[in-house]
Amino acid sequence: MTRVSFYFLFALIITVYSADENTLCTKDYCSKQDCKNANNNVPEECRIQNATHSGIFLPYPGPCNCCDYCLKNLAEGDDCTVGDVGLSPSGSVCGNALTCEELVEKEPEGTCQLISNTECTKAQFAFDEKVNNDTIGHMELREICDRRGLYGHYKCIPGENCYCRSNENKRIFGDIPYSSIANHVLNCACSATYEEVSTFLGRNLKIGEFLRCQSNGDYDTVQCIDDECFCVDAVDGALTYPSQDTVNITMISNETLPCFDYEIHKENYYNPCEKEYLDTLEAASIFEEEVDYVVFGISLPTCQLDGYYAPVQKTKDSYYCSDPEGNQLEGFKVSLNENDYTDMVKIMNCACARARSITTEQKPECLKNGNYCPMQCRRGFCRCVDENGNQIKKEISITSSEYNDYELECANMSGFSEVPEECMK
Ligand SMILES: *[C@@H]1O[C@H](CO)[C@@H](O)[C@H](O)[C@H]1NC(C)=O
Ligand SMILES: *[C@@H]1O[C@H](CO)[C@@H](O)[C@H](O)[C@H]1NC(C)=O
Ligand SMILES: *[C@@H]1O[C@H](CO)[C@@H](O)[C@H](O)[C@H]1NC(C)=O
Ligand SMILES: *[C@@H]1O[C@H](CO)[C@@H](O)[C@H](O)[C@H]1NC(C)=O
């Protein structure tokens, strides 16, 4: 139990415990269940899923949760019950960004009312107003808010990418090239849970303290802790085969673990960054024992949650943008001897450099630290963008008389006094 921390064990114990309770409820058991009755009664809300008729599928609240059922979304003004989601098969809840407001204080009866006071719902209202007054940009998308009115778990930049974010609209690990069906393919549960745990603890978790994620923010289906490997569900991280023995890390393959996939997994479980990290630590600790003092200044790579290299990497005298394999991206590097080193490094995120490396169409323009240039131009039109590349002001034609003012405004919105030199091409 050397590398396994308390926090990880805590998470694992919950998983194992809830699995133990139900050793009966394996995938096998569920596949034999007759879900016809439950699924035939799926209300039209869950089948239609348009702006006025929608619902959420939940596991049927019967033994083992094998079948899905539908929880209808109520519309604004519909009757509801305060304080009780009512998980009965005929249940319903106020829809997205709606909350059940009681009619009489302390009485359970209420009606569904718009949550209007969260940042996300305010952003939606602002978007709708901009559409009405014709100040909306062509790359701006209406915010997606979750049921509580908080920011939804992902955000897309048309033509570029879709990335995971926290409920506070902070970008977190996990992204995919732009997809109009991100809703179905970008769950972000692994990276969102990591974010919650590390925020709670006030520090980043080390390798081996948390389950490994996939590049899209899902859980990696193969997990190894202390050389014992097992399968988990990509979306919720729960053990897939609770009754199966774990497999020695030296023995993992598609023959021993049903979740092992040669397209994603390597026979050596560790991905390049976590391998370098663990090898460096191991070498250092051997050295430590020999000379009996702590070695400071060993240089460990920064890994992202899938065990590959994080976008920003540090060397003795520079920071550079890295691809997942650890290679520097183009010329994106800031060296200690540069005048603006401190300013550039402070805000460095390499989000633009990474986006450039996966976009095939028009590539975004980046600062030398790999951040987005505050203004991006395309087909004769320019737009202001934020640190993740989201458009934040309606685009303007390059030939417009207000172009120079616009450019300055973009720079100011990103905290620059003028447009940085490398963006002026
Ligand atoms: C959603 O679908 C229902 C049933 O087909 C239809 O009556 C309703 O008008 C649709 N709403 C929208 C906004 O398309
Ligand atoms: C359009 O609406 C937005 C959002 O409310 C507002 O900030 C902006 O000032 C409006 N612009 C004009 C020209 O009315
Ligand atoms: C895994 O297998 C290796 C090589 O067969 C062995 O040395 C090691 O002790 C095993 N580990 C565990 C946890 O059983
Ligand atoms: C494992 O992978 C090999 C080679 O990719 C393949 O030939 C074999 O059928 C696979 N075995 C199983 C159980 O999927």
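A residue is called buried when its relative accessible area is under 20%, exposed when this is over 50%, and partly exposed in between, with a 1.4 Å probe and with protein chains only as cover. By that criterion Asp340, with a relative accessible area of 27%, is partly exposed. The structure is a predicted model, in which local features need pLDDT of at least 70 and side-chain atom pairs count only at pLDDT 80 or more, whereas totals for chains, interfaces and linings use all residues. Residues are numbered from 1 along each chain as its sequence is written, chains are lettered from A and ligands numbered from 1 in the order in which they are written, and side-chain values use heavy atoms, with hydrogens and water left out.

Asp340 also takes part in a salt bridge, a term that denotes a side-chain nitrogen of Lys or Arg within 4 Å of a carboxyl oxygen of Asp or Glu. Its partner is Lys368, with 3.0 Å from N to O. Helices (DSSP runs of H or I, at least four residues) and strands (DSSP runs of E, at least two) are numbered from the N terminus; in these terms the pair links distant parts of the chain, since Lys368 lies in the loop between helix 10 (351-358) and strand 16 (375-378) and Asp340 in the loop between strand 15 (328-335) and helix 9 (341-346), 28 residues apart. Lys368 is likewise assigned to the partly exposed class, at 23% relative accessibility. Elsewhere, salt bridges that share partners join Glu143, Lys155 and Arg165 into one network.

In total, the structure holds 16 salt bridges. One of them connects Glu195 and Lys170, whose closest N and O atoms are 2.8 Å apart. Because Glu195 belongs to helix 7 (residues 189-201) and Lys170 to the loop between strand 8 (161-165) and strand 9 (171-177), this pair ties together parts that are 25 residues apart in sequence. Glu195 is buried, with a relative accessible area of 15%, whereas Lys170 is partly exposed, with a value of 45%. A further salt bridge is formed by the side chains of Asp175 and Arg171, at 3.2 Å from N to O; here Asp175 is partly exposed at 29% relative accessibility, and Arg171 is partly exposed at 24%.

Strand 13 (312-314) and strand 14 (residues 318-322) form a hairpin with three residues between them, and their antiparallel pairing extends over three bridges. Lys314 has Tyr319 of strand 14 as its bridge partner, and Tyr319 also stands opposite Val334 in strand 15. Strand 14 pairs with strand 15 in the antiparallel sense over four bridges; the hairpin of these two strands has five residues between them, and in it Gly326 takes a positive phi near 100°. In a regular strand the side chains alternate between the two faces of the sheet. Both faces of strand 14 are covered, with Ser318, Tyr320 and Ser322 buried on one side and Tyr319 and Cys321 buried on the other.

A separate open sheet consists of three strands in the order 10-11-12, with antiparallel pairing. Its edge strands, strand 10 (222-225) and strand 12 (247-248), each pair on one side only. Strand 10 is joined to strand 11 (residues 228-231) by four bridges, and Val222 stands opposite Cys231 in strand 11.

On the surface, Leu281, Ile298 and Leu300 form a nonpolar patch with about 200 Å² of accessible area together, the areas being computed by the Shrake-Rupley method with a 1.4 Å probe and, for residues, with only the protein chains shown as cover. Patches are made of residues with over 30% relative accessible area and no salt bridge, like charges being joined within 9 Å and nonpolar side chains (Val, Leu, Ile, Met, Phe, Trp, Tyr) within 5 Å. Ile298 is found in the loop between helix 8 and strand 13 and is partly exposed, with a relative accessible area of 32%. The C-alpha atoms of Ile298 and Thr280 are separated by 7.9 Å, although the two residues are 18 residues apart along the chain.

Ligand 1 is surrounded by Ile48, Asn50, Thr52 and His53, a residue being near a molecule if one of its heavy atoms lies within 4 Å of it. Taken alone, ligand 1 exposes 370 Å², of which the protein buries 41%.

Terms used
Two strands pair if DSSP finds at least two bridges between them.
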